[in-house]
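Subject: Structure handover and notes

Hello,

I am passing a structure on to you, followed by my notes on it. Please open it alongside the text.

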Amino acid sequence: MLALGASATQDTNAASVLTAEFGRQNNQSLFWGPYKPNLYFGVQPRTPNALSTGLMWGKVNSYEDIQQGFRYTCEQGEDIHGYGWDEYDARTGGVQTIHDEGNNVDITTSFVKFPGGSHGGSWAARIKGEIRSDAPKDSKTMLFYYIAQEGEGELGTDGAGSPAGFEGDVTFKGNSKALGDYTILVTKGTGDHPATNHELFPHRKGENTVVLSANIPSEAIWQGKNVVFKHLQDAVKIVQEQAEMASPPPPWQVYRVAHEPGKGNGHIIQKTFEGSFEFDVIFSSASAGRLLGSEDVTQGLQQTSEFFNQRFSNVFELKEPFTAEKYKRLGKSMFSNLLGGVGYFSGHQVIDRSYASEYDEEDEGFWAGAAEARARNMQKMEGPYELFTSVPSRPFFPRGFFWDEGFHLLQIMDWDIDLTLDIISSWYNTMDDDGWIPREQILGAEARSKVPAEFQVQYPHYANPPTPFLVIESFMERLRAANGSQPAAKEQLSADMPLHSAHLDNIELGENYLRKIYPLLRRQYDWFRKTQRGDIKSYEREAFSKKEAFRWKGRTETHVLTSGLDDYPRPQPPHPGELHVDLMAWVGLMAKSLRNIADALGDVEDMVEYEKTLTAIEHNLNDLHWSEEQGCYCDATVDEYEEHKLVCHKGYISLAPFFVGLMKPDDPKLGKLLDLIGDEDELFSPHGIRSLSKKDEMYGTGENYWRGPVWMPINYMILSQLRNLAIQDGPHKEKARDLFTRLRKNLVDTIYKSWEDTGFAWEQYNPETGAGQRTQHFTGWTSLVVKVMAMNLPNNGGQVKDEL
């Protein structure tokens, strides 16, 4: 068993005490964060209907500036040369830089947490602006800090200042059930302010901080930009009514909200600067016992930076030829933005549980029938749900994606296994009784605002690649490795226990997690095998097993969105007799992972069952999907005589059994797959492995999403398996070693050059030029480049470590 002599003999009550204490400490440590990743900077706790804050800004040198450069939500295509976290840890904080060329300013938002008390501790943000070197030094910037108290609770200013605003710091006092009593301090800060001799509005003074407090309808309170714009329009209207258009006030004075401090559920704090500036926003929880000041913030930020840099060097030890400082900068940025993209979402989501017969997809032309069923709009709101997740892209995909998450967590788990397991639990808490998890989680009105209506609906017969199994199996292997190497288990966590690794430092804690998540993994596995079943018997297909064949539900003529590979070429026309090789490989991965977990937990009966299924899948992959002529795995359909037929579009799906780890080192088919991977006329490019062969007639056509471009997650999986082959004795060792070395260099060089040129990580990369493409700031799975830089090959063999 996994923890022989540890939890096997541990008193159950003591283990429960340990689990409860860890849960308390972990939630306190992760309670606050920049968990609104759709904003350039937005802070909220991990609890629904609570306090949330967000930063807005724009230059105000002319009357037109506000229409073009007002920043709040992360957007693509704005004149910003890169933005994101330079350093970030989810438990301590970090620093983010926004290179805002359009507004003549580089904004730095630093965030730091202060543990203590019984309500998640305190936190602070330091907002700093440096006028860019190519801009006038007297450039004017207006900033708005928006504070919203959702749900029950009170929040108001402590004092009212003068009619012109607050001359010094601004203090808010608030309370709610989740947060208890608290204080928010917005410091006066440093920096020059604009001034004017215009006589019409003497109370609109640039040096003062103005506060507008209001009671905002609950359905609108999340729309911070709209709230601010409404009050700015009111301010402009007054100017239009009272000022002479021949001699209007300067722009910064026109765009200045009214000073109306007091109580409300929404508060706008506005500051206006001329040149560079800095100020702090400090949240002090009363239960923590003390009010924080700017000196605490300075000290906390310094300690946070030191902690991050030391830990990064220890966790991600970059290997040759990527040890230069420029690669460390890339690595820190990529990883920090992955972790800084972790968000908390809550609310209802749209689900169609009509279970229309057309969704069974059993008839020829099934996609048309399914489209008619969707058009009946039988979806309903369900919830509320909560999700703690790492988003793929803050500007374009600021929500949870199931198959992306596994790739995100493969890297996060190296840094913080406890956070990783927390995120996995959050996903599996959204599972229904059948074992279905929505592949895309769009929770609440704010999340839905970024998604077209036709893509908001989730369907309980739609699957998605189960990448979290990669993470759970890796955790199990690490737990096994830690067993026997740790000191005797303790009944409670010490106050200074590093929460990043508590599940590995305390074997019984780790095993308890595994035992709790295992039934949920099993339920999802059973759901996959039931709902995504392919048809063998109706077409008299010859195969080792008459059960193990699979087909993605939800395909159209041109897309299989549920596969994650969207427009990758599939058999045409679609047919209910189709079989998808990539789906069978993923189900094989699930069976393999569950077999290993069952073995670790000592569940012999389950282990034998999974082993039997895995054996059947491994045989059926060859019987139903291998083409000896093409030298790769292929999708299958039936011909006009309803006989089994392979349809081969060489690319990522052709390699799926290999990259999920289902092939043994001495498998004779490996030679042909390695030849395909290394063929420059097919898949191998100077920038990574192409998603589709260059020789395929569909290469680069249509949407060209998964029809050629290089994608990091599949490249990472291929690279990991090449490494595993390269460090084991076998007929393909040297070839795998060569491919690993060249592919690793191509990937890193490509991503580094694009990042240096544009300031961004990208969703995919052009296989011919290496240019980043599609979605920018895609610091989800593209951040796997950090793990790639930390990979190496031992010179003289060495013990096998499965990188997945």
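This is a predicted model: local features need pLDDT of at least 70, side-chain atom pairs count only at pLDDT 80 or more; totals for chains, interfaces and linings use all residues.

Residues are numbered from 1 along each chain as its sequence is written, and side-chain values use heavy atoms, with hydrogens and water left out.

Cysteines

A disulfide is a covalent bond between the sulfur atoms of two cysteines. The criterion used here is a pair of cysteine sulfur atoms within 2.5 Å. The structure holds 1 disulfide, and it joins cysteine 634 to cysteine 648 with an S to S distance of 2.0 Å. The link of cysteine 634 and cysteine 648 is right-handed, with 95 degrees about the S-S bond. The pair links distant parts of the chain, 14 residues apart: cysteine 634 lies in the loop between β20 (632-633) and β21 (635-638), and cysteine 648 in the loop between β22 (644-647) and α16 (656-659). Helices (H or I, at least four residues) and strands (E, at least two) are DSSP runs, numbered from the N terminus.

For accessibility, buried means under 20% relative accessible area, exposed over 50%, and partly exposed in between (1.4 Å probe, protein chains only). Cysteine 634 is buried, at 1%, whereas cysteine 648 is partly exposed, at 24%.

Strands around β10

Two strands pair if DSSP finds at least two bridges between them. Strand β9 (residues 154-157) pairs with β10 in the antiparallel sense over 4 bridges, and leucine 155 has glycine 174 of β10 as its bridge partner. On β10 (residues 170-176) the side chains alternate. Strand β11 (residues 180-186) is antiparallel to β10, with 7 bridges, and a hairpin of 3 residues joins β10 to β11. Threonine 171 stands opposite leucine 185 in β11.

Strands around β2

In β2 (residues 42-45), Gly42 and Gln44 point one way and Val43 and Pro45 the other, and all are buried. Strand β1 (residues 32-33) runs antiparallel to β2 and is joined to it by 2 bridges; glycine 33 has glutamine 44 as its bridge partner. β2 also pairs with β3 (residues 51-59) in the antiparallel sense over 2 bridges, with valine 43 partnered by threonine 53. The β2 and β3 hairpin has 5 residues between the strands, and asparagine 49 in the turn has a positive phi of about 55 degrees.

Pocket

A pocket is an open set of points on a 1 Å grid over the protein atoms alone, where a 1.4 Å probe fits, with protein on both sides within 12 Å along at least five of seven lines; lining residues have an atom within 4 Å of a point. Grid points are joined across faces, edges and corners, and a volume is the space filled by probe spheres set on the points. The second largest pocket has a volume of about 1,100 Å³. Of its 40 lining residues, the closest to the centre are Arg439, Glu440, Phe455, Leu561 and Asp566. The elements that give two or more residues to this lining are α8 (402-415) and β26 (772-776).

Regards
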